[in-house]
Amino acid sequence: MDAFAAWFWSTGWFWVAVFWVALAVTARAAFKLLVDWKGMCTTRRFVDTAYATLDALPDEARLERETAAPVFVHVVPAYEEPEIATTLRALLDSRYPHGKLHVVVVTREEEERAPHPLMEAPTAELVRRFRAELPPWQQKQLSQLAMPGEGRKAHQLNWALRPELVETLLDGQYDPTRVYIGVSDADSLPDRNTYRWIAADVLTGGGSLAYQGVTLSLGNFDRLDARGRVCAVQQSSIFIRVSIARLINERRRVAWFARLAVRAPRLARVLRPVFELCFRRSQICLGHHEFVRLDTLRSIGLFPLTGATEDSTLGYALGARGILIQAVPLLELVDMPETTAKMIHQNARWYKGVLDDVPFLWARWRAHRSAFNLAQLCRHVGNKAIEWPIAAVVYPLLGFVGWHLAHRFAYHPVWFVLGVALPIVSLGLTVCVGAFVTQHLIERLTPHCPRPVNAARATVRAKLWGTFRCQTYWLLATRGAWRVLWALLRTGRYAPAKTDRVTGAASPRPAARRWTRR
């Protein structure tokens, strides 16, 4: 054993390779944190600018007169949702012409046959009761459908978007190039001006084929415990610094390359594969606060049914068609799972969606072997399917290995400094970005929320808890991924179910604030 240990530690080439691999991984982690920091700043400026210029948006009277103003069909798939009335009230109170906004709630017949024992009535019955209390002009805006048979969220959405139903619903306004399909979850609380912002973009600049709004997981922040509040802030930061920031920067990069193609077309033709392989990023749909033009949605076969999460697959499908998603700077609130078990379950379902997207991206690349499709496939497999379940272990381990081996190579001053400094910088950025910058950003955005949210850490205990537990959410996400992989290894399958929102709905949410200043 001693001889083996002496030989093992004497293999200098091996430890040199391990040292530089550890440094590369640690440097990548630090770089990603800096990119996340920049992404948060980009999104914050984007949102602040939009709310500062809300008064410049066209009002309802002008949008009523404009024949080019888009028509919105907003679909809310629901299953065992005791608080759906809050979401419907927020949607119907939106500042948009009543005749150009239609809200469709899609429930499941199976829920009415076997309702949840803790709900006073099935979701469909709650919607019917809510609709009966509305004035006649709002009753015309709200429809309720019940999907027969079994199916997930994507099946409910596609059931509501059958051509004969959409034509009947729009009644004379049926033009797929002017109709946008919006999607909200039954716990969503959108901003009242979202439709006006999209309409202004359509009227002034021609609009985009798809939109994705900013989402914060702070809808039930007042009901969460200390751990839940830390996780809600962290989950919100993912939407801000990754999802929305990526949409903003992707359009900027594509616009920059288009200008290069105009000025130097030959150079652009040579660089295009490199640009698409190294600098293009995947577009992320969140499954709520998203809007897609009807003709575009039909061209890709409506919402994808192949995976556990139709939203991520939708983003990849739009990207494969060359469609850029426009970020919407107005905020939406959604609920955060209220227990640790539910957070793990939610992330397990999302990770199962990640695995389901791999065959989809592989098929896209096989059908069209472009640099862009190859980049989407490789990044998805590397950054999501592989990195998600191992990042919480690999990054700290390799950071320690690099720091430890730096002392072995102390006779190389540059190596020693890099080996010692990079893990410290990475750890410092983890705490700085994950705890302080993220919290500051969320507090900066909460004044814009559709209803009042107080995310400030008022006590010393809350500040210390938020700082030292800033990685709690990532650890729970890792446990979710492990749960999926373990189930696949044991049984060969994992059936993701909807996150239960019944048992955590004992206290009703406050009604949406009616903002008179907007």
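Author: By class, the lining of the largest cavity is made up of four nonpolar, six polar and two charged residues. In this predicted model, the residues that line the cavity are Arg281, Ser282, Gln283, Gly315, Tyr316, Gly319, Ala320, Leu361, Arg364, Phe372, Asn373 and Gln376. Two or more residues of that lining are given by each of helix H14 (310–320), helix H15 (340–367) and helix H16 (371–408), and H14 supplies the largest share, with four residues. The space in this largest cavity comes to about 70 Å³, and the structure as a whole holds three cavities of 30 Å³ or more. As for the idea behind such a search, rolling a probe the size of a water molecule over the atoms shows where empty space is left.

Turning to the sheet, the model has an open sheet of eight strands, in the order E3-E2-E1-E4-E7-E6-E8-E5 and with mixed pairing. Strand E3 (142–147) and strand E5 (189–190) stand at the edges, and because each has a single partner strand, one side of each is left without a neighbour in the sheet. Strand E6 (residues 210–216) and strand E7 (residues 290–293) run antiparallel and are joined by three bridges; Tyr211 has Phe291 in E7 as its bridge partner. Helix H10 (residues 194–205) packs on the sheet, where it touches strand E1 (71–77), strand E2 (101–108), strand E4 (179–183), E6, E7 and strand E8 (326–333), and the direction of H10 makes about 170 degrees with that of E8.

The helix packing can be followed from helix H11. Helix H11 (residues 226–263) packs with helix H17 (residues 413–445) at an angle of about 80 degrees, the axes being 10 Å apart, which means that H11 is roughly perpendicular to H17. On the H11 side this contact is made by Val233, Gln234, Ser236, Ser237, Ile240 and Arg241, and on the H17 side by Val433, Gly434, Thr438, Gln439, Leu441, Ile442 and Leu445. Sorted by class, the contact of H11 with H17 has six nonpolar, six polar and one charged residues.

H11 also packs with helix H19 (residues 472–491), at an angle of about 80 degrees and with the axes 8 Å apart, so H11 is roughly perpendicular to H19. Here H11 contributes Arg227, Cys231, Gln234, Gln235, Ile238 and Arg241, while H19 contributes Thr472, Tyr473, Trp474 and Leu476. The classes in the contact of H11 with H19 are five nonpolar, three polar and two charged residues.

Note on methods. Residues numbered from 1 in each chain as written. Predicted model: local features only at pLDDT ≥ 70, side-chain atom pairs only at ≥ 80, totals over all residues. Heavy atoms only, no water. 1 Å grid on protein atoms, 1.4 Å probe; cavity = no way out; pocket = protein on both sides within 12 Å on 5 of 7 lines; lining within 4 Å. Points joined across faces, edges and corners; volume = space filled by probe spheres on them. Nonpolar A, V, L, I, M, F, W, Y, C, P; charged D, E, K, R; others polar. Pairing = 2+ DSSP bridges. Contact = heavy atoms within 4.5 Å. Axes fitted to C-alpha atoms, helices over the stretch in contact; angles between N-to-C directions. Parallel < 35°, antiparallel > 145°, perpendicular 65-115°, else oblique.
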